[in-house]
Amino acid sequence: LKIMKDGKGTYPEGTVVLKEKFSDATAKTTELFTAMVKRQKGFNPEGGDWEYFVISGDAKTVTASGKIQSCINCHDSYESTDFVTRDYMDNP
């Protein structure tokens, strides 16, 4: 998506953003995944209508989902980029 590259605009409904968190510096062991899914307008208006998920490192169990307050608190400061952080983007 163009918005993912330049950070400008609003993500379309159905967009999924997935981040893998490693438990070690060698990036060989996945501790957990976090995900965001853009829901229909009105789902979470204060948070850009994103739903958040935490998924186990083996990707077999959703350990939390919905309007997770800790996720909302962090992503709130990224309103200008539709609540998606660009801290992890590789920009050559």
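Q: Which residues make up the largest nonpolar core?
A: A nonpolar core is a set of buried Ala, Val, Leu, Ile, Met, Phe, Trp, Tyr and Cys residues joined through side-chain atoms within 4.5 Å. Buried means under 20% relative accessible area, exposed means over 50%, and partly exposed lies in between, with a 1.4 Å probe and protein chains only. Here the largest such core has 12 residues: Ile3, Tyr11, Val17, Met36, Trp50, Tyr52, Val54, Ile68, Cys71, Ile72, Phe83 and Val84. Strand 3 and helix 2 are the elements that give two or more residues to this core. The most comes from strand 3, with three residues. Apart from this core lies another, of five residues, including Ala35, Val37, Phe53 and Ile55.

Q: What kind of model is this, and how are residues numbered?
A: It is a predicted model, in which local features need pLDDT of at least 70 and side-chain atom pairs count only at pLDDT 80 or more, while totals for chains, interfaces and linings use all residues. Residues are numbered from 1 along each chain as its sequence is written, and side-chain values use heavy atoms, with hydrogens and water left out.

Q: How many helices and strands does the chain have?
A: Helices (H or I, at least four residues) and strands (E, at least two) are DSSP runs, numbered from the N terminus. The chain has two helices and four strands. Read from the N terminus, the order of elements is α-β-β-β-β-α.

Q: What is the order of the strands in the sheet?
A: Two strands pair if DSSP finds at least two bridges between them. In this model four strands form an open sheet in the order 1-2-3-4, with antiparallel pairing. Strand 1 (16–22) and strand 4 are the edge strands, each pairing on one side only. From one strand to the next, the twist averages 15 degrees; axes are lines fitted to C-alpha atoms, and angles run from 0 to 180 degrees between N-to-C directions.

Q: Which residues are bridge partners across strand 2 and strand 3?
A: Strand 2 (residues 30–38) pairs with strand 3 in the antiparallel sense over seven bridges. Phe33 has Ile55 as its bridge partner in strand 3, and Ala35 has Phe53.

Q: Is strand 3 buried or exposed?
A: Seven of the seven residues of strand 3 are buried, so the strand is largely enclosed by the rest of the structure. Trp50, Tyr52, Val54 and Ser56 point one way, and Glu51, Phe53 and Ile55 point the other way.

Q: How many disulfides does the structure hold?
A: A disulfide is a pair of cysteine sulfur atoms within 2.5 Å. The structure holds zero. The sulfur of Cys71 has its closest cysteine sulfur in Cys74, 7.9 Å away, which is too far for a bond. Cys71 counts as buried because its relative accessibility is 15%, whereas Cys74 is partly exposed at 45%.

Q: Which residues are in contact with Phe83?
A: Contact means heavy atoms within 4.5 Å. Leaving aside neighbours within four places in sequence, Phe83 is in contact with Met36, Glu46, Gly47, Gly48, Trp50, His75, Asp76 and Tyr78. Thr85, in the segment after helix 2 (69–75), is in contact with His75 and Tyr78, again leaving aside neighbours within four places. Thr85 counts as buried, at 18% relative accessibility.

Q: What does the radius of gyration say about the chain?
A: The radius of gyration is taken over C-alpha atoms, and the globule rule is 2.2 Å times the number of residues to the power 0.38. With 92 residues, a compact globule would have a radius near 12 Å; the chain has 14 Å, which agrees. Of the 92 residues, 34% count as buried. Among contacts with a separation of 6 or more, 32% come from residues 24 or more positions apart.
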